[in-house]
Amino acid sequence: MRTISTTSTTDSTGTSTTDTTGTTRTTRRTPRTAGRRAAAAGAALLAALTLTAAACAPDGPTAPATPPAALPKAAPTSLGDLSGWKPADWARYVAESGFANQVPPGYWTTARTEAAKARPTPEYAPTAAAPPGVDRDAPPAPVQARPQSHPYGPDSAVVGRLLMTTPQGDAACSGTVVTDPLNPGRSNLVYTAAHCLHDGRGGGWVKNLVFVPAYNRDGQAGNRDGQPARGKPDGEQQAAPYGRWTAVRAMVSPTWLQESGVGAHDQYDYGIVRVRGESASGPSLEEAVGGSVPVWFNAPREQITSVVAFGYPVERPFDGTELERCDSPAPPGRLSFDRSRPPMYAIGCTMTGGAGGGGWFITKDGRPNLVSVSSLGSRDPAGYRAGPSLQDQAKQAFDYFAKNVK
């Protein structure tokens with residue numbers, strides 16, 4: 001069993017587990033080092049969570065596909081309620097959505113990876129007026145992001161960078177290795193945000209899509225007097241210690257493909273990717289990394305009393321080389337655009353673009369569970385992140401994908 005340090009929350013038995021970490025490290029962003037040391041030294045409410053074994057690798061789609069013109073005829077008319085979909089409806093949707101991914105050999109060099117820009121995070125001002133009839137909570141207070149301590153062990157190695165090519169150039173998001181209920185201990189599934197994979201209605205899939213777990217695991221740019229220096233990865237082994245895992249299949253919420261802009265469809269901003277390693281006979285992603293995180297669908301909101309969000313932010317003051325975390329000690333607030341859809345979670349967090357799609361963890365039954373991914377956010381300054389509440393539609397999509405989309 002492995003352990004991961006995250007903020008704890010009340011589990012299904014009503015028990016709260018906490019731990020305290022005083023781990024500090026030096027980062028090359030010197031203006032922020034002192035604040036981070038203080039935050040790390042005084043961090044409380046950190047849970048000792050256990051993980052099982054996991055791993056990962058890279059790739060990407062060829063040409064944007066036109067979203068299905070309409071939902072399958074057998075499906076309900078409401079985009080938010082797909083409970084009437086049968087396997088044949090999902091099969092048609094997956095086929096019509098047209099994901100394809102062919103990554104040229106050697107495309108994602110270390111230099112190209114470091115140069116990738118942030119995949120833009122959908123922006124929304126949390127102080128904007130809510131649509132009529134929609135209830136929202138007050139904007140959360142900002143929580144300072146802090147770096148995860150090096151080296152990243154199997155606990156935090158489940159989080160990685162998603163690299164892709166968009167019409168604007170090479171870009172990056174974040175993702176998490178999640179448990180495959182049909183292949184215990186051998187998952188090849190990565191959970192992320194839909195906006196990291198597809199542009200929505202009128203747009204297409206990203207290309208050259210790969211997943212790099214535990215990117216820059218050791219934070220070692222070289223040795224100085226026998227001591228490792230912190231900073232950009234020094235060579236391929238540091239940049240991608242578990243390799244680059246190519247995306248072979250992907251799916252986003254049907255709602256995401258049918259809508260666009262910032263608004264109600266962000267309440268379904270989730271996506272799933274199946275990856276393969278460089279060797280057909282090699283270990284699974286979960287085995288290679290040393291762990292995976294189960295997705296807790298339909299999590300009762302009242303049991304989410306705190307959350308830890310992870311990601312690799314790229315936009316300033318970050319540069320994409322460090323795994324960052326926001327430890328929110330308060331229950332997430334509600335952010336909604338359409339009251340017929342599950343309200344999003346909102347937490348204070350200063351992570352920027354590039355952290356989109358990163359997993360939000362809580363403690364359940366003594367181990368970390370993923371309850372959301374980073375979707376919306378604010379810029380200049382960055383102060384909050386919002387993520388979808390993964391309810392029935394998300395579970396139905398995940399169950400179908402894990403079982404049928406190989």
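Which strand gives the most to the lining of the largest cavity? Keep that in mind as you set up the view. This is a predicted model, in which local features need pLDDT of at least 70 and side-chain atom pairs count only at pLDDT 80 or more, while totals for chains, interfaces and linings use all residues. Residues are numbered from 1 along each chain as its sequence is written, and side-chain values use heavy atoms, with hydrogens and water left out.

**Stop 1: the largest cavity**

Select residues 333-335, and you have the answer: strand β15, which gives three residues to the lining, the most of any contributor. Strands here are DSSP runs of E with at least two residues, numbered from the N terminus.

A cavity is a set of points, on a 1 Å grid over the protein atoms alone, where a 1.4 Å probe fits but cannot get out; lining residues have an atom within 4 Å of a point. The volume of the largest cavity is about 80 Å³, a volume being the space filled by probe spheres set on the points, which are joined across faces, edges and corners. The count of cavities of 30 Å³ or more comes to two.

**Stop 2: C173 and C196**

Next, show the cysteines. The structure holds two disulfides, each a pair of cysteine sulfur atoms within 2.5 Å. One of them joins C173 to C196, with S to S at 2.2 Å. C173 sits in strand β6 (residues 169-178) and C196 in the loop between β7 (189-192) and β8 (207-213), 23 residues apart. The S-S torsion of C173 and C196 is about -85°, so this disulfide is left-handed. C173 is buried (under 20% relative accessible area, with a 1.4 Å probe and protein chains only), at 0%. C196 is also buried, at 0%.

**Stop 3: C326 and C349**

Move on to C326 and C349, joined with S to S at 2.1 Å. Here the torsion is about 75°, so the disulfide is right-handed. C326 lies in strand β14 (residues 324-328) and C349 in the loop between β16 (344-348) and β17 (359-364), so the pair ties together parts 23 residues apart in sequence. C326 is buried at 0% relative accessibility, and C349 is buried at 0% too.

Methods:
1 Å grid on protein atoms, 1.4 Å probe; cavity = no way out; pocket = protein on both sides within 12 Å on 5 of 7 lines; lining within 4 Å. Helix = DSSP H or I, 4+ residues; strand = E, 2+ residues; numbered from the N terminus. Buried < 20%, exposed > 50% of the residue type's maximum accessible area, 1.4 Å probe, protein only.
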